[in-house]
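Visitor: Walk me through the ligand site, please.

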Amino acid sequence: MAHKKQISPSLMCADLLNLGAELKLLEKAGIEYLHIDIMDGVYVPNYTLGTDFVKRVKAATSIPLDIHMMVENPGSKLDWFEFGEGDYVCLHIEAEPHIQRALAAIKARGAKPMVALNPGTPICAIEELLDVIDGVLVMTVNPGFAGQKLVPSTLDKITRMRKYLDDHGHPEIEIEVDGNVSFENAKLMSAAGADIFVAGTSSIYAKGGDMFANAEKLRDVINNA
Ligand code: DX5
Ligand code: ZN
């Protein structure tokens, strides 16, 4: 089953003082999702974006959200966030003991549940979640910061993840990749079976680059891998 290749710019890397204009450009570039990193300083050693930011972005654009929760016990915090039909909400399997219930709660609100796996978490951890998820996020760096280097073993993990999903009767589940999705790495990730590409400082927000041109370049790379 061939999925459409999609781009999800990481808004923690955007020019936050100029975000309104950037959102218009991303709409013009046909961007599919907006990746919003939520960190709590506990699950990962950083803070980034939060509840009010999600609310403001949702009101400002029709591009669906891709909310990446890097917080402890995210299931108990879902009510804090505005999301709905068309949006992805992604929870780390390592951070939530009641992961099935939390993912089902996302679905009950009409949104698309996604489960995230750190580089050290094995693929088989999602075995009991296949019926409840629309996507799986293969972290290609350890979460917490922009600008990190790819964990090389995660490239093969994408290939194995695609095979695992297909072999278990779930060709419809999409694979997202997050972390050091450079133009060079994106090509390899796309060939390995990634469908949604989180675009940060390694691609569309690369220093000195033109965001619109970078988005077009990334689109070209992932579609021609
Ligand atoms: C954290 C973020 C980062 C980052 C991605 O989950 O989503 O991974 O912004 O962009 P890079 O790695 O290219 O800076
Ligand atoms: Zn992220």
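Visitor: By class, which residues make up the shell around ligand 1?

Guide: This is a predicted model, where local features need pLDDT of at least 70, side-chain atom pairs count only at pLDDT 80 or more, and totals for chains, interfaces and linings use all residues. Residues are numbered from 1 along each chain as its sequence is written. Gly counts as polar here, while Asp, Glu, Lys and Arg count as charged. The shell has 6 nonpolar, 9 polar and 2 charged residues.

Visitor: Which residues are the closest to ligand 1?

Guide: In total, 17 residues surround ligand 1, each with a heavy atom within 4 Å of it. The closest are D37, G147, N180, T201 and S202.

Visitor: How far is the side chain of T201 from an oxygen atom of ligand 1?

Guide: Polar contacts are pairs of N or O atoms within 3.5 Å. The backbone of G147 supplies a polar atom 2.8 Å from a ligand 1 oxygen. H35 places a polar side-chain atom 3.4 Å from an oxygen of ligand 1. For an N or O atom in the T201 side chain, the distance is 2.5 Å.

Visitor: How much of ligand 1 does the protein bury?

Guide: Taken alone, ligand 1 exposes 370 Å² (Shrake-Rupley method, 1.4 Å probe). Of that area, the protein buries 100%.

Visitor: Which elements give two or more residues to the shell around ligand 1?

Guide: Strands are DSSP runs of E, at least two residues long, numbered from the N terminus. The elements that qualify are β2 (34-39) and β3 (65-70).

Note on methods
Chains are lettered from A and ligands numbered from 1 in the order in which they are written. Side-chain values use heavy atoms; hydrogens and water are left out. A polar contact is a pair of N or O atoms within 3.5 Å; within protein, one must be able to donate a hydrogen and the other to accept it, and residues adjacent in sequence count only if both atoms are side-chain atoms. Helices (H or I, at least four residues) and strands (E, at least two) are DSSP runs, numbered from the N terminus.
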